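Biologist: I would like to learn how to read a protein model feature by feature. Please give me the general idea each time, and then the case at hand.

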Amino acid sequence: MGLSGDTLTGIALCWRIERRDGVTIGLTDHDRDLTLDGLIHRAAPGMVPSAIKRSDGLDADTMDIEGALTSDAIGATDLIAGRWDGARVALRAVDWSGAAGPVALGEGVIGAVEMRDTGFTAELRGASAALEAPVVEETSPDCRAELGDKRCRVALAGRRRLARVIAADARTLTVDVPEPGANAYGFGLLRWIGGANGGLTSAIAASGGATVTLRVAPPLAVRGGELIELIEGCDKTIATCATRFANAANFRGEPFLPGIDLLTRYPGG
């Protein structure tokens, strides 16, 4: 599809956005809804992309998308809560008259989101942004695996429990199901099933009895009776791995590797 001459007057930009929870929406800067690949792209004239930077080198492809908070599909509450963080976005140019097929302009995942008085700006990071990650892992005294992943291999089936919130105060929640052991949920996760935070997860700093303390207060208000899922955590030390989980064989760390301070040690120091 050419993008020059008279055809420019028939070009519309279409965004396909897929959240991590499976919710998928389509938006277009055209003045009416368009259907593309079976998905209705709702008219959202406030959606505007920045200059699109693409390269054939190893530099990360990036683009900013600005939008007005006028659509029910993308609201300020969901942006603040983080529901759109990490969502996959595909941007295409479409001839709305149907004379030619779409042209892909860019795709990636949503990174940093900046809120403004009447809108938002979202950074779109392309696939080449993954090249910025380290090629190999750095050594560390703590385990680099996540509890229950394919490297850790601890079964989480019996370490997840449903509970209901009895009371909430800032970062501290009181639940109706006591923990199975001392600080069992410390360094674990809380998944919100009901309430305003439904679908989100919160990191747990510590737990004691029927009390759970979150690292950061939930983005939205919590009410008594809301259903949650509590997932046990691990402090990633070799002692916990060996004694609590009997999983030292799968420990992904170097607890006995001398640190850089070894260079400063000398007799009488």
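This is a predicted model: local features need pLDDT of at least 70, side-chain atom pairs count only at pLDDT 80 or more; totals for chains, interfaces and linings use all residues.

Biologist: What is the relative accessibility of Leu190, and which residues is Leu190 in contact with?

Modeller: Leu190 counts as buried because its relative accessibility is 0%. Contact means heavy atoms within 4.5 Å. Leaving aside neighbours within four places in sequence, Leu190 is in contact with residues including Leu173, Leu200, Ile204, Leu214 and Ile228.

Biologist: Which strands does S12 pair with?

Modeller: Strands of a sheet pair through backbone hydrogen bonds, either parallel or antiparallel. Two strands count as paired if DSSP finds at least two bridges between them. S12 pairs with strand S13 (residues 201-208) in the antiparallel sense over three bridges, and Leu189 has Ala203 as its bridge partner there. S12 is also joined to strand S15 (residues 227-231) by four bridges, again antiparallel. On that side, Leu190 stands opposite Leu230.

Biologist: What do the six strands close into, and in what order?

Modeller: They close into a barrel in the order S10-S11-S14-S13-S12-S15, with antiparallel pairing. Neighbouring strands of this sheet are turned by 45° against each other on average, direction ignored. Such angles are taken between axes, which are lines fitted to C-alpha atoms (for helices over the stretch in contact), and run from 0 to 180 degrees between N-to-C directions. S10 and S15 are joined by five bridges and run antiparallel. Arg161 has Leu230 in S15 as its bridge partner.

Biologist: Which residues touch the most other members of the largest nonpolar core?

Modeller: In soluble globular proteins, nonpolar side chains tend to be buried together. A nonpolar core is a set of buried Ala, Val, Leu, Ile, Met, Phe, Trp, Tyr and Cys residues joined through side-chain atoms within 4.5 Å. The largest one here has 18 residues, and Ile17, Ile74 and Trp84 touch the most other members. Among the elements that give two or more residues to this core are strand S1 (11-18), strand S2 (24-28) and strand S7 (88-95). A second, separate core of 15 residues includes Ala81, Tyr185, Leu190 and Leu214.

Biologist: How many salt bridges does the structure hold?

Modeller: Side chains of opposite charge can pair when their charged atoms come close. A salt bridge is a side-chain nitrogen of Lys or Arg within 4 Å of a carboxyl oxygen of Asp or Glu. The structure holds 14 of them. One joins Asp37 to Arg92, with the closest N and O atoms 2.8 Å apart. Asp37 lies in the loop between strand S3 (34-36) and strand S4 (39-43) and Arg92 in strand S7, so the pair ties together parts that are 55 residues apart in sequence.

Biologist: Are Asp37 and Arg92 buried or exposed?

Modeller: Asp37 is exposed because its relative accessible area is 60%. Arg92 counts as buried, at 16% relative accessibility.

Biologist: Where do Glu232 and Arg159 lie?

Modeller: These two form a salt bridge, with the closest N and O atoms 3.1 Å apart. Glu232 lies in the loop between S15 and H2 and Arg159 in the loop between S9 and S10, so the pair ties together parts that are 73 residues apart in sequence. Glu232 counts as buried at 6% relative accessibility, while Arg159 is partly exposed at 21%.

Definitions and conventions
Residues are numbered from 1 along each chain as its sequence is written. Side-chain values use heavy atoms; hydrogens and water are left out. Buried means under 20% relative accessible area, exposed over 50%, partly exposed in between (1.4 Å probe, protein chains only).
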